[in-house]
Amino acid sequence: MQKIKYCPKCQKQYGINQEKCECGYEFVKLESHEDETVQSSNTKVIVDNVPLWIWTFLGFITESVCGWIFYAKFRESYPERSKAARKGAISFYIFLGVVILVTVLYLVLDAKGKIV
Ligand SMILES: [Zn+2]
């Protein structure tokens with residue numbers, strides 16, 4: 001749809017971008033209110049300054065307890081932290097599993113007299 005406007009003096013028809021009429025009348029420049037200045041501010045940008053390995057480390061070092069707490073706490077607001085904390089918690093279980101396995105293996109071998 002082409003926008004048009006009329007000269008209030010001589011009623012001549014012009015395109016919307018015409019600035020001056022033949023009769024000398026100057027059209028008032030219409031400010032275009034295109035929504036260029038409207039920021040898309042409804043997108044919440046989370047700036048996380050805490051390195052993710054800290055959550056992994058804390059999840060691990062606290063015997064996975066804090067790992068699961070952080071996992072639940074950050075699941076909504078900080079998905080990356082949540083994942084990192086869970087990684088720490090799971091890493092602890094793997095670590096614990098290895099320690100138990102080695103200990104059991106040692107005890108078994110010791111009981112059989114293979115370790116002097
Ligand atoms: Zn005119």
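Begin by selecting helix H1, residues 52-61, and helix H2, residues 65-74: their axes lie 5 Å apart and meet at an angle of about 135°. H1 is therefore oblique to H2. Here axes are lines fitted to C-alpha atoms, for helices over the stretch in contact, and angles run from 0 to 180 degrees between N-to-C directions. Angles under 35 degrees count as roughly parallel, over 145 as roughly antiparallel, 65 to 115 as roughly perpendicular, and the rest as oblique. Helices (H or I, at least four residues) and strands (E, at least two) are DSSP runs, numbered from the N terminus.

Before continuing, note that this is a predicted model, in which local features need pLDDT of at least 70 and side-chain atom pairs count only at pLDDT 80 or more, while totals for chains, interfaces and linings use all residues. Residues are numbered from 1 along each chain as its sequence is written.

**The contact between H1 and H2**

Next, select Trp55, Leu58, Gly59 and Phe60 on H1, together with Cys66, Gly67 and Phe70 on H2; these residues make the contact. Two residues are in contact if their C-beta atoms, placed from the backbone, lie within 7 Å. By class, the contact of H1 with H2 has five nonpolar residues, two polar residues and no charged ones. In this scheme Ala, Val, Leu, Ile, Met, Phe, Trp, Tyr, Cys and Pro count as nonpolar, Asp, Glu, Lys and Arg as charged, and the others, Gly among them, as polar.

**The buried side of H2**

Now select Gly67, Phe70 and Tyr71, the buried residues of H2. They lie on the same side of H2, because they cover an arc of only 105° around the axis. The arc is that of the directions from the helix axis to the C-beta atoms. A residue is buried if 20 or more other C-beta atoms lie within 10 Å of its own, exposed if 12 or fewer, and partly exposed in between, with C-beta atoms placed from the backbone. The cover over the buried residues of H2 includes H1 and helix H3 (79-111).

**The core**

Select Trp55, Phe70, Tyr71, Ala84, Ala85 and Ala89: these six residues form the largest nonpolar core. Such a core is a set of buried Ala, Val, Leu, Ile, Met, Phe, Trp, Tyr and Cys residues joined through C-beta atoms within 7 Å. H2 and H3 are the elements that give two or more residues to this core, and H3 gives the most, with three. Centre the view on Ala89, which touches Gly59, Ser64, Gly67, Trp68 and Tyr71, residues up to four places away in sequence not being counted.

Glu63 has a positive phi of about 55° although it is not a glycine. Ser64, also not a glycine, has a positive phi near 70°. Glu63 counts as partly exposed, with 13 C-beta neighbours inside 10 Å, whereas Ser64 counts as buried, with 21.

**Two further stops**

Select Ile54 in helix H1. Ile54 is partly exposed, with 14 other C-beta atoms within 10 Å. Its C-alpha atom is separated by 9.0 Å from that of Arg81, 27 residues apart along the chain.

Finally, go to Gln13 in strand S2, residues 13-15. Gln13 counts as exposed, with 9 C-beta neighbours inside 10 Å. Apart from neighbours within four places in sequence, Gln13 is in contact with Ile4 and Tyr6.
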